[in-house]
Amino acid sequence: MSELDLNNVDAMYYDVLREIGNIGAGNAATALATMLGSKVDMTVPKVELVDFSDMGETLGGEEQIMAGIYLQISGDITGSIMFLLEEKSAHELVAHLMGTGDASFEEGQPFTEMEQSALSEIGNIIVGSYLNSLSMLTNLKIIESVPSLAVDMAEALLSVPAIEFGMVGDKMLLIQTSFSEDTALNGYFVLVPDLPSYSKLLQALGVMQ
């Protein structure tokens, strides 16, 4: 097996991950449509390795408030995955799911306990759909933990996977997801496998020998 260098990953890797992301997004859209009772479209427009120092700005600013759903990954690969939603998008999704109509959103408005539970469920479905697609296409066993939800500034949310990823390098894999029902909303996956797991993924996808 070749030595993996995250700074020189072949473009084919991103193409494969984008395709997996699109399949996962399709599965997530079907599940969300059932939950929301309306048609949902999801796509993955962009997959890239981003320097941790630039990640906050990529997400719209380090101080932007976001909802983050965080899960540990175990099985054939180990690491973690986080799904991030902009605060306004999170409120709109929860309002739709709970049948409360259009959310009268105010910046910094806290989520109720019931809203947090709904957000965790939405995040769990979206992340689970992505990981199931990854597992099916790689034939790797991927076990996900119970989701953990936090609402905070992007910089604070990203510090959790960043601490883990510090053992690998200073880049994080960012998978942007765009989904829409009545309005288009943006979400982001931050996938953090450990270095041996990156190699396993690349080999299973046929991108690395």
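## Ser129 in helix 4

In this predicted model, Ser129 has its place in helix 4, which covers residues 113–138. Its relative accessible area is 10%, a value under the 20% cut-off, and Ser129 therefore counts as buried. A polar atom of the Ser129 side chain lies 2.8 Å from the backbone oxygen of Ile125.

Once the neighbours within four places in sequence are left aside, the residues in contact with Ser129 are Gly24, Asn27 and Ala28.

## Helix 3 against helix 4

Helix 4 also packs with helix 3 (residues 87–97), at an angle of about 100 degrees and with the two axes 10 Å apart. Because angles of 65 to 115 degrees are classed as roughly perpendicular, that is how helix 3 and helix 4 stand to each other. On the side of helix 3, the contact is made by Ala90, Leu93, Val94 and Leu97, while helix 4 contributes Glu115, Ala118, Leu119 and Ile122.

## Strand 2 and its partners

Strand 2 (residues 65–75) runs antiparallel to strand 3, and eight bridges join the two. Strand 3 itself, residues 79–86, is mostly covered, since seven of its eight residues are buried.

Strand 2 pairs with strand 5 (residues 148–153) as well, in the antiparallel sense and over six bridges, and here Ile65 stands opposite Met153 of strand 5. A further antiparallel arrangement links strand 2 with strand 4 (residues 142–144) through three bridges, in which Gly75 has Ile142 of strand 4 as its bridge partner.

## Thr30 in helix 1

Thr30 is found in helix 1, which spans residues 11–36. Is Thr30 buried or exposed? Its relative accessibility is 53%, and because the cut-off for exposure is over 50%, Thr30 counts as exposed. Thr30 and Val40 are separated by 10 residues in sequence, and their C-alpha atoms are 7.2 Å apart in space.

## Helix 6 and the residue after it

Helix 6 covers residues 195–204, and its buried residues include Ser197, Tyr198 and Ser199, together with Leu201 and Leu202. Just after helix 6 comes Gly206, whose phi is positive, at about 75 degrees.

## The chain as a whole

Taken over its whole length, the protein chain has six helices and seven strands. Read from the N terminus on, these elements follow the order α-β-α-β-β-α-α-β-β-α-β-β-α. The chain contains 209 residues, of which 47% count as buried. When contacts between residues at least 6 apart in sequence are considered, 72% of them join residues that are at least 24 apart.

Key. Residues are numbered from 1 along each chain as its sequence is written. This is a predicted model: local features need pLDDT of at least 70, side-chain atom pairs count only at pLDDT 80 or more; totals for chains, interfaces and linings use all residues. Side-chain values use heavy atoms; hydrogens and water are left out. Helices (H or I, at least four residues) and strands (E, at least two) are DSSP runs, numbered from the N terminus. Buried means under 20% relative accessible area, exposed over 50%, partly exposed in between (1.4 Å probe, protein chains only). A polar contact is a pair of N or O atoms within 3.5 Å; within protein, one must be able to donate a hydrogen and the other to accept it, and residues adjacent in sequence count only if both atoms are side-chain atoms. Contact means heavy atoms within 4.5 Å. Two strands pair if DSSP finds at least two bridges between them. Axes are lines fitted to C-alpha atoms, for helices over the stretch in contact, and angles run from 0 to 180 degrees between N-to-C directions. Angles under 35 degrees count as roughly parallel, over 145 as roughly antiparallel, 65 to 115 as roughly perpendicular and the rest as oblique.
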